[in-house]
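Colleague: I would like to learn how to read a few features of a model. Could we go through them one at a time?

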Amino acid sequence: MSDDTWAGLADLFADKAYASVKGHVRTYVLHQHLLEHLPKPPAPVLDVGGGAGHQSFPLAQAGYDVTLLDPSPAMLDKARQRLERLPTEAQRRVTLLQADGEYADNAVNGRRFAAVLCHGVLGYLEQPEPLVDQLCRCAAAGGVVSIMTGNAKATAVQPALERRWEDALAAFDVRTGIGVLGVQGRADTVEEVSELLRSGGVEPVRWYGVWLFVDWLEFSGVELDPHDAKQVAATAAVELEASRRDPYRQLSRVFHLVGRKGPK
Ligand SMILES: C[S@@+](CC[C@H](N)C(=O)[O-])C[C@H]1O[C@@H](n2cnc3c(N)ncnc32)[C@H](O)[C@@H]1O
């Protein structure tokens, strides 16, 4: 495993980003999408590059048996701290594993999962193929693969909303750039990731957007109050609806693609 490049980002990502309205919207919207495709709990779920467990711990609380795999000791520490705050029975349903996603199959000793999640990871890798191949391998026959990553067709959105017009003009044909965490990232298209899934025997089923209006508001300089629970819930409901429909989902800076592995 390489150096822990996520050590310097663990606090920013796990504490700050997720404490925002955008963070809340992200977990809510993805959780609702997942529930449309996952079998009823208990079922085993593998979260590759699961970070501090923001997406998979709610699944453990809902009764799923979660294995969170991540190469970063700092992110796994965050996950451990957050795990301690869960009810004991949910804690017992979570296993943390340190490994690169590219070796996931080995790391889980060939175990197969009803769902394999990989959210916000592909964009930090130079090549998505080896990781997507592992995601597909780790899914059981009939299992779900869920990938969230940057949308290469919406790369002009952030610079345009930040009124960096020259950057926005250049961004239409560029798929790499500095993302919201201040790290170099790479975006993909739904079609490209769908093709990678198919190569791994997983048929794409449905794709969604993730954020739209909260993203636009934030980049335009509007501050949304994460403590106003009523407004946050109302915002999340609108974002969920937008995430499912054209043309809204097409403009989201990130997409969520769900596929299902064929019977073997
Ligand atoms: C933006 S965070 C996303 C965390 C989590 N999936 C979420 O949605 O909250 C990116 C995560 O990818 C992990 N990561 C980086 N390179 C990876 C790799 N090669 N395989 C698996 N995970 C990786 C990092 O350690 C970090 O925890």
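Modeller: Start with Pro 247, which is found in the loop between α12 (229–244) and α13 (248–251). Keep in mind that this is a predicted model.

Colleague: What is the peptide bond from Asp 246 to Pro 247, cis or trans?

Modeller: That bond is cis, with omega near 0°. A cis peptide bond also joins Pro 41 and Pro 42, where omega is about 0°. Pro 42 sits in the loop between α2 and β1 (44–48).

Colleague: How many residues of α2 are buried?

Modeller: The general idea comes first. An α-helix has 3.6 residues a turn, so residues three or four places apart point the same way. Here α2 covers residues 21–37 and reaches 25 Å from its first C-alpha to its last, close to the 24 Å expected. The helix is mostly covered, with 12 of its 17 residues buried. Among them are Val 25, Arg 26, Val 29 and Leu 30.

Colleague: Which residues are closest to the ligand?

Modeller: Of the 19 residues that surround the ligand, the closest are Tyr 18, Arg 26, Gly 49, Asp 70 and His 119. A polar side-chain atom of Arg 26 is 2.2 Å from an oxygen atom of the ligand. A polar backbone atom of Gly 49 lies 2.7 Å from a ligand nitrogen atom. The protein buries 95% of the 600 Å² that the ligand exposes when taken alone.

Colleague: Where is Asn 109?

Modeller: Asn 109 is in the loop between α6 (104–107) and β4 (113–119). Its phi is positive, about 55°, although Asn 109 is not a glycine. Asn 109 is exposed, at 71% relative accessible area.

Definitions and conventions
Residues numbered from 1 in each chain as written. Predicted model: local features only at pLDDT ≥ 70, side-chain atom pairs only at ≥ 80, totals over all residues. Heavy atoms only, no water. Helix = DSSP H or I, 4+ residues; strand = E, 2+ residues; numbered from the N terminus. Expected span 1.5 Å × (residues − 1). Buried < 20%, exposed > 50% of the residue type's maximum accessible area, 1.4 Å probe, protein only. Near = heavy atom within 4 Å. Polar contact = N/O pair within 3.5 Å; in protein donor to acceptor, adjacent residues only side chain to side chain. Areas by Shrake-Rupley, 256 points an atom, 1.4 Å probe, with all protein chains shown as cover.
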